[in-house]
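Please keep the coordinates open while reading.

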Amino acid sequence: MSNNKLGDPLAEEEVINEETQIATAQAEEINASTLSVPKTAYNDFEGDFGEDDLPTQYMSIVSRTSDLAETFGKGSIVLNKEVKLGDGKTPFPITVLSGSRHWEEYVPFGEGATPQTFATMREAAAAGFSSHYEAKNRVGPVLTAKVLVPVPSDFAQDSYEGQGYAVATWIMQKTAYKASAAHFTLARTKGHLKDGLWNGGWDLSTLLKTGGNGSWYVPVVTKLGRHDEKFAKWIEETFLV
């Protein structure tokens, strides 16, 4: 029997549908990666730029032993290790735009090994890992979130009513995960932000915790409620569409 599908109307339709799907996916990829460059009279910056050409900015908490402690203060919250967003004592507002959870292997501090990561706990268990505290091969949840933070105009990606804003990546794991991620998960799945996390805000500060292994700072998030519709719409159209 011949495997040649030429002349078979159903087979030809499958090929056409497959080609259409590929073309559509390619067009969506191109549109999603296109970055608009503001024009000037001198055409000083040209080319086919995409979102992947932009740097990833990280938001982090300055630890007690960090080199940044002398510059920004212990427990402060910084963007890219260069912009102080808050001193940790006085809360400042953030908006969570999106979040993605995965599971990561616990690696003892100082070993320098790259931890294994898994998309689901099922995958981690299949590889011989457990989330139990006393497990030899242990994994824990990690939430990587995109958050919108107020910044000085020199560091802003856009502004609203005179206030500059930038998008930062915030990685929550271990005690930071326990202290903050649950609030966002509750709001998005069963709470007041089931229609999208960007529709509401949170106050962020830090707290010094003490345990058997010393002391460390953890994030403290407090619900601010929903944004007004105009601000939420601006966030959606500016940073999500």
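Two bridges connect β4 to β5, a strand of residues 117-118, and the two run antiparallel. Within this pairing, E104 has T117 of β5 as its bridge partner. The model is a predicted one: local features need pLDDT of at least 70 and side-chain atom pairs count only at pLDDT 80 or more, while totals for chains, interfaces and linings use all residues. Residues are numbered from 1 along each chain as its sequence is written, and side-chain values use heavy atoms, with hydrogens and water left out. Element names follow DSSP runs numbered from the N terminus, with helices (H or I) of at least four residues and strands (E) of at least two. Two strands are said to pair if DSSP finds at least two bridges between them.

In general, the strands of a sheet pair through backbone hydrogen bonds, either parallel or antiparallel.

An open sheet of three strands is arranged in the order β1-β2-β3, with antiparallel pairing. Its edge strands are β1 and β3 (83-86), each of which pairs on one side only. From one strand to the next the twist averages 35 degrees, where axes are lines fitted to C-alpha atoms (for helices over the stretch in contact) and angles run from 0 to 180 degrees between N-to-C directions. Between β1 and β2 (residues 77-79) there are three bridges, and I61 stands opposite I77 in β2.

The largest nonpolar core has 26 residues, of which M59, L85 and W170 touch the most other members. Such a core is a set of buried Ala, Val, Leu, Ile, Met, Phe, Trp, Tyr and Cys residues joined through side-chain atoms within 4.5 Å; buried means under 20% relative accessible area, exposed over 50%, and partly exposed in between, for a 1.4 Å probe and protein chains only. At least two residues of this core come from each of β2, β3, β4, β6, β8, α4 and β9 (200-211), and β6 gives the largest share, five residues.

The largest pocket has a volume of about 1900 Å³. Of its 44 lining residues, F109, Q173, K174, T175 and W216 are the closest to its centre. A pocket here is an open set of points on a 1 Å grid over the protein atoms alone, where a 1.4 Å probe fits, with protein on both sides within 12 Å along at least five of seven lines; lining residues have an atom within 4 Å of a point. Grid points are joined across faces, edges and corners, and the volume is the space filled by probe spheres set on the points. β10 supplies the largest share of the lining, five residues. By class, the lining divides into 23 nonpolar, 14 polar and seven charged residues.

Two loop residues remain. Most residues other than glycine have a negative phi. K81, in the loop between β2 and β3, has a positive phi of about 60 degrees although it is not a glycine. At 59% relative accessibility, K81 counts as exposed. E161, in the loop between β7 (158-160) and β8, has a positive phi near 50 degrees. E161 is exposed too, with a relative accessible area of 67%.

Technical notes
Nonpolar A, V, L, I, M, F, W, Y, C, P; charged D, E, K, R; others polar.
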